[in-house]
Every structure is written in C-alpha cells, then in structure tokens.
Amino acid sequence: MKKYKIQRSPFVVPTTDGKLIEEHWGNSTQNSNISIAHMVAPPDWSEPHQTPEFDEFTIIISGKKQFEIDGETVTLEKGQSILIEKGARIRYSNPFPEPCEYIAICLPAFSMELVNREVEGVD
C-alpha cells in the first residue's frame with residue numbers, strides 16, 4: 001500500500017461570484033482535518049462577514065487581498081501570508097483592479113457548517 005496520494009484533479013467548488021476555488025484536499029477528498037485550496041478572487045470581489053470555527057492560513061501568490069479582522073483592515077500582497085484564528089469576525093475582499101491568486105489552508109477543513117457566514121443586510 002502506497003503511503004502517498006497525488007491530487008491531479010482538484011474539486012472545483014461551484015460559485016456565483018466569479019471566484020475560482022480549487023480544493024486539492026479537504027471535505028471533497030474525505031479529509032475533514034484540513035483543507036488546502038488554490039483560489040483566484042476577481043477584481044471588486046467580496047464575501048459577507050463570517051466567524052469561522054477553523055484557523056485559516058492564506059498565502060498570496062499574486063495581486064492583493066484585503067482582510068477585515070475584528071474591525072481592523074489588513075492588506076496583503078504577493079509573498080505575504082497571514083493566520084486568522086478561529087472565532088475572529090472576518091470579511092475577505094479584493095477591492096483592487098487585478099485578480100488575487102492565493103492558497104488557503106483551513107484547520108479543520110472548511111465547511112459551510114463551520115464558516116458561520118452572516119446574511120448581508122440583516123442585523
């Protein structure tokens with residue numbers, strides 16, 4: 001029995017906002033302890049605020065990405081990375097004119113049940 005697995009066909013998560021999400025490892029591969037995804041956020045993209053029940057590491061490959069973390073705004077560029085701990089209120093966005101390509105790693109794996117996204121426009 002081999003002690004390794006090669007991912008040749010990541011799961012492309014269906015989206016409606018133009019964002020590319022290719023999950024290499026995670027719930028789509030029966031790995032609930034970690035998710036590793038390649039992502040491309042288009043210009044002027046954003047998500048609703050969320051309070052995830054997982055730690056998320058982000059490594060910027062190209063472009064810039066904006067993070068609103070517990071009321072503080074942080075912008076990262078190519079070659080920079082960040083760890084956002086579970087329980088932080090976060091909003092991810094790319095308000096810039098170029099796409100942002102990045103790798104996201106979540107511990108445990110990303111799931112809609114653990115992300116706790118807020119409904120926009122509802123208090």
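**Salt bridges**

I count a salt bridge when a side-chain nitrogen of Lys or Arg is within 4 Å of a carboxyl oxygen of Asp or Glu. I am working on a predicted model. With that rule, I find 4 salt bridges in the structure.

I started with Arg-117 and Glu-47, whose side chains meet in a salt bridge at 3.1 Å, N to O. Arg-117 lies in the segment after helix H1 (112–115), and Glu-47 is in the loop between strand S4 (45–46) and strand S5 (55–62), so this pair ties together parts that are 70 residues apart in sequence. I then looked up how accessible the two partners are. Arg-117 comes out as partly exposed, at a relative accessible area of 33%. Glu-47 is buried, at 10%, and I note that the cut-off for buried is under 20%.

Next I checked Arg-91 and Glu-68, which form a salt bridge at 3.0 Å, N to O. I place Arg-91 in strand S9 (residues 90–94) and Glu-68 in strand S6 (residues 64–69), 23 residues apart, and I note that the pair links distant parts of the chain. Are these two buried or exposed? Arg-91 is buried, and so is Glu-68.

I also looked at Glu-118 and Arg-89, where the salt bridge is 2.7 Å, N to O. Glu-118 sits in the segment after H1, while Arg-89 is in the loop between strand S8 (81–84) and S9; the two are 29 residues apart, and I log this as another link between distant parts of the chain. Glu-118 counts as partly exposed at 29% relative accessibility. Arg-89 is partly exposed as well, with a relative accessible area of 36%.

**Sheets**

I traced an open sheet of 6 strands, in the order S1-S2-S3-S10-S5-S8, with antiparallel pairing. Strand S1 (11–12) and S8 stand at the edges with a single partner strand each, so one side of each has no neighbour in the sheet. Opposite Ile-59 I find Ser-81, in S8.

I then traced an open sheet of 4 strands, ordered S4-S9-S6-S7, again with antiparallel pairing. Here S4 and strand S7 (72–77) are at the edges; each has a single partner strand, so one side of each is left without a neighbour in the sheet. How many bridges do S6 and S7 pair over? I get 6, in the antiparallel sense. Phe-67 has Val-74 as its bridge partner in S7.

**Rings**

I find 2 aromatic pairs in the structure. In one of them, the rings of Phe-67 and Tyr-92 have centres 5.7 Å apart and planes at 75 degrees, so I call the pair edge-to-face. The cut-off I used for edge-to-face is over 60 degrees. This pair also links distant parts of the chain, with Phe-67 in strand S6 and Tyr-92 in strand S9, 25 residues apart. I read Phe-67 as buried, at 0% relative accessibility. Tyr-92 counts as buried too, at 3%.

What lies over the face of Phe-96? I find Lys-64 there, at 4.5 Å from the ring centre.

**Thr-58**

I picked Thr-58, which is found in strand S5. Thr-58 counts as buried, at 0% relative accessibility. I looked up what Thr-58 touches, leaving aside residues up to four places away in sequence: Lys-65, Phe-67, Gln-80, Ser-81, Ile-82, Tyr-102 and Ile-103. Two of these names are already in my notes: Phe-67 from the edge-to-face pair with Tyr-92, and Ser-81 as the residue opposite Ile-59.

**Record check**

Last, I went to UniProt, where an unreviewed entry carries the annotation "domain: Cupin type-2" over residues 41–105. I checked that span in the model: residues 41–105 are 0% helix and 58% strand. The end C-alpha atoms of the span lie 16 Å apart.

Notes. Residues are numbered from 1 along each chain as its sequence is written. This is a predicted model: local features need pLDDT of at least 70, side-chain atom pairs count only at pLDDT 80 or more; totals for chains, interfaces and linings use all residues. Side-chain values use heavy atoms; hydrogens and water are left out. Buried means under 20% relative accessible area, exposed over 50%, partly exposed in between (1.4 Å probe, protein chains only). UniProt positions are given in the numbering used here, feature names are shortened, and annotations may be inferred rather than shown by experiment. Two strands pair if DSSP finds at least two bridges between them. Rings of Phe, Tyr and Trp (its six-membered ring) pair if their centres lie within 6.5 Å; planes under 30 degrees apart count as stacked, over 60 as edge-to-face and the rest as tilted. A charge sits over a ring if NZ of Lys or CZ of Arg is within 6 Å of the ring centre and within 35 degrees of the ring normal. Contact means heavy atoms within 4.5 Å.
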